[in-house]
Amino acid sequence: MKTDIEIARETKLQDIDLIANQIGIPTSEIEHYGHHIAKVPLRLIDDERASKSNLILVTAITPTKAGIGKTTVSIGLGLGLNRLGKKAVCALREPSLGPCFGVKGGAAGGGYAQILPMEKINLHFTGDFHAVTSAHNMISALLDNYIYQHREEGFALKEVLWKRVLDINDRNLRYVVTGLGAKTDGITMESGFDITPASEIMAILCLSKDLDDLRRRIDNIILGIKIDDTPFRVKDMGVGGAITVLLKDAIDPNLVQTTENTPAFVHGGPFANIAHGCNTIIATRMAMTYADYVITEAGFGADLGAEKFYDIKCRKSGLQPKLTVIVATTQGLKMHGGVPVDKIKEPNIEGLTHGFANLDRHIRNMQKFGQSVVVCFNRFATDTDEELDIVRKHCSDLGVGFAVNSAFSEGGSGAIELAQVVVDTIAATPSGPLQLIYDDSDDIKTKIEKVCHNIYGADGVTYGKAAERMLTRIAKLGISHYPVCIAKTQYSFSADQTLYGSPTGFKINIRDLVINAGAEMIVAIAGDIMRMPGLSKSPQAERIDIVDGNIEGLS
């Protein structure tokens, strides 16, 4: 089979005007970024129309290092629904340069189920990530300058909470010292970098409902703690307007197309292991305004992305999914069933069935949210019919829907079974009212412990000294009503990435808490997870090049 980039290059793209017109967006309303990308103004959102749309969440079992193919399934489902004559649109996240040049090589789907133009989407796209990075680091520069310029007046922060960000994997930047040199070079202090998808600005962009809400949230960002133990915010520097200006264009969602020339919105890009893992509320509402079925995804496994989709994004926006699709692969199931990673492509019925424990826990978790569930078997070339039938029977025994997806190799025709099962399930048994895991009125400890116990299956939660100090500060600030966003490894229900399957008898250690007062959530750092990833011994960057004018190595 051809590579992803070969398929993308051979696909005849339609002018973005035609793509917009397909779903009723006038050409006069869009802002062109070349022939095949456009921004759509958020003023076109119509919440009354959106309320009639069917929102579908695509999530997955706990992923392998190679992933599960969730984005490919999401795009494939959109293609399949359109093949059935339904008006369907995908609403997805933007890729980050970090994993593109680190592990994944790209995040625009795969095979014949991609969003295009994939090279531009995977690289600089419309500059949204650049805007987030610039806005975040502008705040850093303004904060350092404020401290420097007002020090003679007695102003000081006893603790600076705001770090810097960059959209690359760079472990050397996790902990840095700034302001070295002469007195005129600034005030020496410890700092560090997170990756841009972990930026609070990214979370704010993804959770804002409009430009005014964006400005309000930016003003409320807590940058540090003053000597009198009160918070110092962006609004105290009087620069909220300037930061909003940097994000003025980024807030409008991006319109692109699939390999079958169907519309897709791609907007926002927080990771689900270190952030909340969902595309923007604005893009989801825009897609729901113009489509009868909207497919969105949440990053990594359902314990991370899906939990945050419900407990943060839906809680804040009022969105109510009609269905949740859980993506599973034989390779993922075998890995969670105890098969060595270098053997998971080989037939192994025993390992496959032992891996059902991981799938089953994700299914039960989604049902706790009141969701109707369909399991999607994302088929690979090495899968056998016997393995497929075993998974199908297992899902039947559980009473959940099941369908095979072959969109990677067949495009929309390979996702018709999945699309039909989704349509039939929504018609017969749509998800009921969303049941959230914790209440707004719960304190932060209770919220963390409810997620760790009810979703991860942990026996208990412990807290480091830094986390305990932050719990006291959060209570004092009166922001215990914020939802929690737990940052932990994506490779296990636990905080130990080596514990595959459906582990029990473990505790989760919360070593620190980060206050995101603008995003209105508390980030809990579990285990040894880092908010600035590092590169592997052989990063994907070694295989990315330009050959005869064409980009190679993206996938």
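The model is predicted, so local features are described only where pLDDT is at least 70 and side-chain atom pairs only at pLDDT 80 or more, while totals for chains, interfaces and linings use all residues. Residues are numbered from 1 along each chain as its sequence is written, and side-chain values rest on heavy atoms, with hydrogens and water left out.

The sheet is open and consists of four strands in the order β20-β22-β23-β21, with mixed pairing; strands are DSSP runs of E with at least two residues, helices are runs of H or I with at least four, and both are numbered from the N terminus, while two strands count as paired if DSSP finds at least two bridges between them. Because β20 (460-463) and β21 (484-487) each have a single partner strand, they stand at the edges, and one side of each is left without a neighbour in the sheet. From one strand to the next, the twist averages 40°, where axes are lines fitted to C-alpha atoms (for helices over the stretch in contact) and angles run from 0 to 180 degrees between N-to-C directions.

Strands β22 (residues 507-516) and β23 (residues 521-526) are joined by six bridges in the antiparallel sense, and L513 has A524 in β23 as its bridge partner. Helix α13 (residues 302-317) packs on this sheet by touching β21 and β23, its direction making about 165° with that of β21; contact here means heavy atoms within 4.5 Å. Helix α20 (residues 444-456) also packs on the sheet, touching β20, β21, β22 and β23, and its direction makes about 55° with that of β21.

The structure holds 30 salt bridges, each being a side-chain nitrogen of Lys or Arg within 4 Å of a carboxyl oxygen of Asp or Glu. One of them joins R531 to D194, with the closest N and O atoms 3.1 Å apart, and it links the loop between β23 and β24 (545-547), which holds R531, to strand β11 (residues 193-195), which holds D194, across 337 residues. R531 counts as buried at 13% relative accessibility, as does D194 at 7%, where buried means under 20% relative accessible area, exposed over 50% and partly exposed in between (1.4 Å probe, protein chains only).

Another salt bridge joins the side chains of R315 and D440 at 2.8 Å, N to O. Since R315 lies in helix α13 and D440 in the loop between α19 (416-428) and α20, the pair ties together parts 125 residues apart in sequence.
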